[in-house]
Amino acid sequence: MTKHQFEAEKFPPEIQEIADRMNIEPDRIPPYQLPELPFSDTVSADEFLGRVRPELVRIMADNMYGPIPPHCDELVFRPRSEGMAFDGLAVRREIDIVCRHRGQEQVLHLLLYIPANRSGKVPVFFGLNFKGNHACTDDPGVTFHPFVRYPDSWTVRFNDNRAGEDARGIAKNGWCFEKVLRAGFASATIMFHDICPDRQNSFDRSIMRLFYDRSEWESPNRPFGAISAWAWGISRAIDCLEAQEEIDRTKIIVHGHSRLGKTALWAGANDTRIALTVSNGSGTCGAKPACRYYGENFEWIRLWNPHWLPESFRRWVGKDREIPFDQHFLMAAVAPRLLYVSDGTDDVYADPPGSFEAASAASRAWKIFGKTGLGETVMPPPGQLIGDQVGYYLRKGGHAFNPENWDALIRFTSAKLK
Ligand code: GCU
């Protein structure tokens with residue numbers, strides 16, 4: 001039997017108990033039906049954009065993520081460094097994005113690589129990273145990110161509690177900058193803790209304090225959670241990328257893995273500057289439909305990571321199969337822009353067949369624009385890239401985004417966005 005990816009971790013017994021109870025037997029899935037998308041096939045493209053899309057976003061905000069905070073009063077792009085990288089393959093630029101609001105300040109450290117050999121503006125991949133910019137590449141020119149050692153933090157636990165120079169490049173397989181640059185794309189990242197540390201009570205170090213007072217934040221009405229905060233950070237990164245003269249602002253791609261895949265989808269639904277939204281292994285509250293009783297569930301999300309979502313999400317815990325919306329609503333809000341969903345065969349808790357089904361159901365939104373979304377209703381075997389405006393790729397293996405994923409994603413992006 002496939003193990004939960006975090007089974008080796010020491011969870012408190014009440015959390016482990018939920019993991020142990022999750023269904024991973026396909027024959028034990030009770031009959032289910034994805035809720036009907038709230039629009040008819042005859043709605044016009046203008047109506048979809050003017051009325052339906054905002055309504056889909058509202059449904060997801062009210063029921064799951066909470067709103068994304070507004071823009072901040074002041075945004076400054078402060079250059080930190082610039083130089084050549086990867087033997088002349090790229091220009092490396094580090095920029096501090098200074099976000100100011102209500103007298104508070106938060107700095108997001110952006111790392112950007114631009115192909116040195118280019119003609120004209122280039123598309124850019126942007127993704128939040130888990131372990132610091134320096135962990136995404138061996139490039140010794142990247143400023144080391146001295147992140148706070150949270151003894152109970154997921155990132156640091158998976159990093160052997162190392163927060164020193166030896167962490168350089170440890171996550172490079174998830175980024176493959178040289179491959180991406182050679183294919184003609186720029187690539188940029190920010191560590192997600194810059195925006196909001198992935199832990200409870202992160203108020204003091206997060207963008208939350210730009211918008212709320214502590215008492216409001218800590219009340220039972222906490223309006224949003226880390227996923228909306230991270231999505232806000234993605235939009236500030238886009239503000240900065242748009243200001244770079246080498247970047248084609250019509251070709252901004254946002255990608256994310258796992259909890260950051262959930263975040264990429266939420267950002268893609270909200271920020272229409274994103275031309276292609278990419279979510280990998282995003283599971284519950286990502287691409288996986290909740291009504292399919294398989295893999296992880298709301299109870300697990302809420303108990304293990306209550307800070308990801310607003311307090312109001314409590315009301316759906318244990319009611320996964322009763323919700324009047326589901327994750328295809330979220331994906332439909334990305335239409336008619338490009339969407340790409342991927343999973344690993346062994347990442348059963350993220351429910352790859354469920355994600356495929358939700359992407360397929362969401363594809364109805366692309367039809368409104370006379371386009372084909374996924375165009376397939378049968379899940380492909382591993383290794384076969386499919387889809388039209390909605391791409392899908394299943395990789396053999398577990399919970400990761402790796403060089404094989406980059407090959408497939410570059411193929412999709414080069415075909416659809418260049
Ligand atoms: C856990 C969690 C998932 C999440 C993943 C991750 O597995 O249950 O919902 O996507 O962690 O972010 O790695």
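A polar contact is a pair of N or O atoms within 3.5 Å; within protein, one atom must be able to donate a hydrogen and the other to accept it, and residues adjacent in sequence count only if both atoms are side-chain atoms. The model is predicted, with local features needing pLDDT of at least 70 and side-chain atom pairs counting only at pLDDT 80 or more, while totals for chains, interfaces and linings use all residues. Residues are numbered from 1 along each chain as its sequence is written, and side-chain values use heavy atoms, with hydrogens and water left out.

A polar atom of the Asp-320 side chain lies 2.8 Å from the backbone nitrogen of Phe-298. Asp-320 is in the loop between α9 (298-304) and α10 (327-332); helices (H or I, at least four residues) and strands (E, at least two) are DSSP runs, numbered from the N terminus. Asp-320 is buried but has no salt bridge, and the nearest side chain of opposite charge, Lys-288, is 6.9 Å away. Buried means under 20% relative accessible area, exposed over 50%, and partly exposed in between (1.4 Å probe, protein chains only). A salt bridge needs a side-chain nitrogen of Lys or Arg within 4 Å of a carboxyl oxygen of Asp or Glu. For charge, Lys and Arg count as positive and Asp and Glu as negative, with His and the chain ends not counted.

Next comes the backbone. Arg-102, in the loop between β2 (90-101) and β3 (104-115), is a residue other than glycine with a positive phi, near 45°. Arg-102 is partly exposed, at a relative accessible area of 41%. Cys-176 also is not a glycine and has a positive phi of about 45°. Cys-176 sits in the loop between α3 (154-157) and α4 (177-182) and is buried, at 13% relative accessibility.

In strand β6 (residues 247-257) lies Ile-253, which is buried with a relative accessible area of 0%. Ile-253 is 15 residues from Ile-238 in sequence, and their C-alpha atoms are 9.6 Å apart.

What lines the largest cavity? Its lining consists of Ile-301, Arg-302, Asn-305, Pro-306, Leu-309, Pro-310 and Phe-313. A cavity is a set of points on a 1 Å grid over the protein atoms alone where a 1.4 Å probe fits but cannot get out, and lining residues have an atom within 4 Å of a point. The largest cavity has a volume of about 30 Å³, the volume being the space filled by probe spheres set on the points, which are joined across faces, edges and corners.

Key:
1 Å grid on protein atoms, 1.4 Å probe; cavity = no way out; pocket = protein on both sides within 12 Å on 5 of 7 lines; lining within 4 Å.
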